[in-house]
Amino acid sequence: GTLGDKVRAIAVALTGFGVCFTLIGLATTFGMYLAAMGAAGFFLPLFATSETVLIQENVDPAMMGRVFSILQLVSMSSMPFAMMLFGPLADRIAIEPLLVVTGALLAITGLVFARAGRGKTINNTGQDT
């Protein structure tokens, strides 16, 4: 496959997560909340698998451990920062609008990511073309 296939899958996952989290913020019943949360769960393996394959196909094997370590470090350290930001923010603003706004921003990020990766391929030297 091409780089574009993985980028497209990641973009779909990001956009899907964003739409689902927006729907969670708009849910008026517990059933709607559960349906949106369940749908969001579909996108996690799509994102994780595409991201992992993209890295494995494009990173020098000697650097692979370092790349995955840094990725893990960034993803794990972002959670405490998010709690420091959104915890106090949730005391001032209702959770629902926060979910709608952050979900919409995530969906927009997915759309921008899709546009940025459109038509990308990798040649046999690992360089973007």
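Start by selecting Phe17, Phe21, Phe42 and Phe43: ring pairs link these four into a cluster. Rings of Phe, Tyr and Trp (its six-membered ring) pair here if their centres lie within 6.5 Å; planes under 30 degrees apart count as stacked, over 60 as edge-to-face and the rest as tilted. By that rule there are four aromatic pairs.

Before going on, a word on what you're looking at: this is a predicted model, where local features need pLDDT of at least 70 and side-chain atom pairs count only at pLDDT 80 or more, while totals for chains, interfaces and linings use all residues. Residues are numbered from 1 along each chain as its sequence is written, and side-chain values use heavy atoms, with hydrogens and water left out.

Now zoom in on Phe17 and Phe21. They both sit in helix H1, four residues apart, about one turn of the helix. (Helices are DSSP runs of H or I, at least four residues, numbered from the N terminus.) The ring centres of Phe17 and Phe21 are 5.7 Å apart with planes at 0°, so the pair is stacked. Buried or exposed, how does each one count? The cut-offs are under 20% relative accessible area for buried, over 50% for exposed, and partly exposed in between (1.4 Å probe, protein chains only). Phe17, at 14%, counts as buried, and Phe21, at 25%, as partly exposed.

Next, select Phe30 and Tyr33. Their ring centres lie 5.8 Å apart and their planes are at 20°, so this pair is stacked too. Both are in helix H2, three residues apart, which means about one helical turn between them. Phe30 is exposed at 60%, and Tyr33 is partly exposed at 30%.

Stay on H2 and colour its buried residues: Ala36, Ala40, Phe43, Ser50, Leu54 and Ile55. Then pick Phe43. Leaving aside neighbours within four places in sequence, Phe43 is in contact (heavy atoms within 4.5 Å) with Val12, Ala13, Gly16, Phe17 and Cys20.

Conventions. Helix = DSSP H or I, 4+ residues; strand = E, 2+ residues; numbered from the N terminus.
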